[in-house]
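Here is a short briefing to read alongside the model on your screen.

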Amino acid sequence: MHKLSNIWLALPDYGQSTVWILVITVVLIVSVALLTLWERKVIGWMQLRRGPNRVRIFGLAPGLGQPFADVLKLLMKEVVVPTKSNKFLFRLAPVITLVPAFAAWAVIPLSPTVVVSKADAGLLYLLSLTSMGVYGVIIAGWAANSKYAFLGAMRSAAQMVAYEIAMGFALVGVLMATGSMNLGTIVRTQEGGLGSWNWFWLFPLFVVYFISGVAETNRAPFDVAEGESEIVAGFHVEYSGIAFALFFLAEYANMILISTLTAVFFFGGWQGPLEGYPGLAAAPWWLAWLGAPSFLWLFLKVFCLVFLFLWFRATFPRYRYDQIMRLGWKALIPVTLVWIGVEMLLATYHIGPWSRPWFH
């Protein structure tokens, strides 16, 4: 271990960043595979059934091999490209959808010391990347030369644009409360335990951001792009095999991404809930960790937020399209604008986060 530590410290910054990129990418792909299994198990549990329980790994853990069996099946299926489609754009669309979901992790701080890029404009980087996903959806629907796919793409794109605006305004509120676009700085400004996290003073923005995140990822109850009774599978109805799987990989990767960003912006990221609690620093190690910042806290917060995505799918019926658009334009966006105005008053009178030293 000592030798490995010396090798790691001897690596230049770009070498360490490359290693972390590979680690994050592999872990994210495996997490997406396991998330598909977890979703089936959670929904099965809520519906009083077992979920996947047949495919094993080395004869152990019934059901654990199901995601990997699904990947193998999709890899072996033929990728059918429609004859009259734009073949280049048809193949490019899944890549455009998937790449932003992975590239966004470059600026997300996983712990006090682990982050690929410490970009000061990380918030702008995230906004620009997340808005790229809509291009993949539109291109997929248009390039297939199918009316059903194009209809699904238009519905999905209109929904994503509406909720991106609400998400953007919610992040303006976070920027006002933290005074920085660097995600590491945003986490550090929430030091001090549960009461110092942004969720309390920015609660309406947290609700808007998370609801918009569910809509952005085309998850139930906002999955109008996949209205089975109307337009079959929406914008990716003509895709098959691994090309079809890439859209689902992007969807589940975006679920994890939105949950992680929610934890970073509103729940203190890697910060512990009891940080700064009197006497905790002198407590035994098995208690002291409750206040210590670490990746474990970020993981637990993301775990709980991803569970909400699964809970929503098992609970809520699908909204009508007009209801979805009305919620985005007439409810969520006005809420964010009103709360930004409230933040202006709080900042003027130095209340809440604005009473901290860096705002004086």
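What follows is a tour from the overall fold down to single residues.

This is a predicted model. The protein chain folds into 15 helices and 0 strands. With a radius of gyration of 22 Å, close to the 21 Å from the globule rule for 360 residues, the chain is as compact as a globular protein of that length.

**Overall shape and surface**

- Along the principal axes, the C-alpha atoms of the protein chain fill a box of roughly 65 × 55 × 45 Å.
- Of the 360 residues in the protein chain, 46% are buried.
- Among contacts with a separation of 6 or more, 76% join residues 24 or more positions apart.
- The accessible surface of the chain is about 18,100 Å², and carbon and sulfur atoms contribute 71% of that area.

**Charges across the chain**

- The protein chain carries 24 positive and 17 negative side chains.
- The centres of these two sets of charges are 8 Å apart.
- A search of the whole structure gives 7 salt bridges.

**A buried salt bridge and its network**

- Arg219 and Glu39 form a salt bridge, and their closest N and O atoms are 2.4 Å apart.
- This pair ties together distant parts of the chain, 180 residues apart: Glu39 sits in helix 2 (residues 13–46), while Arg219 sits in the loop between helix 10 (203–216) and helix 11 (228–231).
- Are the two partners buried or exposed? Arg219 has 2% relative accessibility, under the 20% cut-off, so it counts as buried. Glu39, at 3% relative accessibility, is buried because it also falls under 20%.
- The pair belongs to a network of salt bridges that links Glu39, Arg219, Glu251 and Arg313.

**Salt bridges around Asp322**

- Asp322 forms a salt bridge with Arg320, with the closest N and O atoms 2.9 Å apart.
- Asp322 also meets the side chain of Arg326 in a salt bridge, at 3.7 Å from N to O.
- Both Arg326 and Asp322 belong to helix 15 (residues 321–348), and they are 4 residues apart, about one turn of the helix.
- An α-helix has 3.6 residues a turn, so residues three or four places apart point the same way.
- How covered are these side chains? Asp322 is partly exposed at 36% relative accessibility, Arg320 is partly exposed at 48%, and Arg326 is partly exposed with a relative accessible area of 41%.

**A buried glutamate without a salt bridge**

- Glu216 lies in helix 10.
- Glu216 is buried but has no salt bridge, and Arg219, the nearest side chain of opposite charge, is 13 Å away.
- Which residues does Glu216 touch, leaving aside those up to four places away in sequence? They are Thr130, Met160, Tyr163, Glu164 and Met167.

- Helix 6 (residues 133–143) is mostly covered, with 8 of its 11 residues buried.
- The buried residues of helix 6 are Gly133, Val134, Gly136, Val137, Ile139, Ala140, Gly141 and Ala143.
- These buried residues pack against helix 4 (87–103), helix 5 (122–130), helix 7 (147–178) and helix 12 (241–266).
- Just after helix 6, Asn145 has a positive phi of about 60 degrees.

**Backbone details in the loops**

- Where is the cis peptide bond that involves Pro221? The bond runs from Ala220 to Pro221, with omega near 5 degrees, and Pro221 is in the loop between helix 10 and helix 11.
- Arg219 is also found in that loop between helix 10 and helix 11.
- Leu48 takes a positive phi of about 60 degrees although it is not a glycine, and it is located in the loop between helix 2 and helix 3 (66–76).
- Leu48 has a relative accessible area of 82%, which is over 50%, so it counts as exposed.
- Ala61 lies in the loop between helix 2 and helix 3, and its phi is positive at about 50 degrees although it is not a glycine.
- Ala61 has a relative accessible area of 36%, between the 20% and 50% cut-offs, so it is partly exposed.

Technical notes
Residues are numbered from 1 along each chain as its sequence is written. This is a predicted model: local features need pLDDT of at least 70, side-chain atom pairs count only at pLDDT 80 or more; totals for chains, interfaces and linings use all residues. Side-chain values use heavy atoms; hydrogens and water are left out. Helices (H or I, at least four residues) and strands (E, at least two) are DSSP runs, numbered from the N terminus. The radius of gyration is taken over C-alpha atoms; the globule rule is 2.2 Å times the number of residues to the power 0.38. Buried means under 20% relative accessible area, exposed over 50%, partly exposed in between (1.4 Å probe, protein chains only). Contact means heavy atoms within 4.5 Å. Accessible areas come from the Shrake-Rupley method with a 1.4 Å probe; for residues, only the protein chains shown count as cover. Lys and Arg count as positive and Asp and Glu as negative; His and the chain ends are not counted. The place of a charge is taken as NZ of Lys, CZ of Arg, CG of Asp or CD of Glu. A salt bridge is a side-chain nitrogen of Lys or Arg within 4 Å of a carboxyl oxygen of Asp or Glu.
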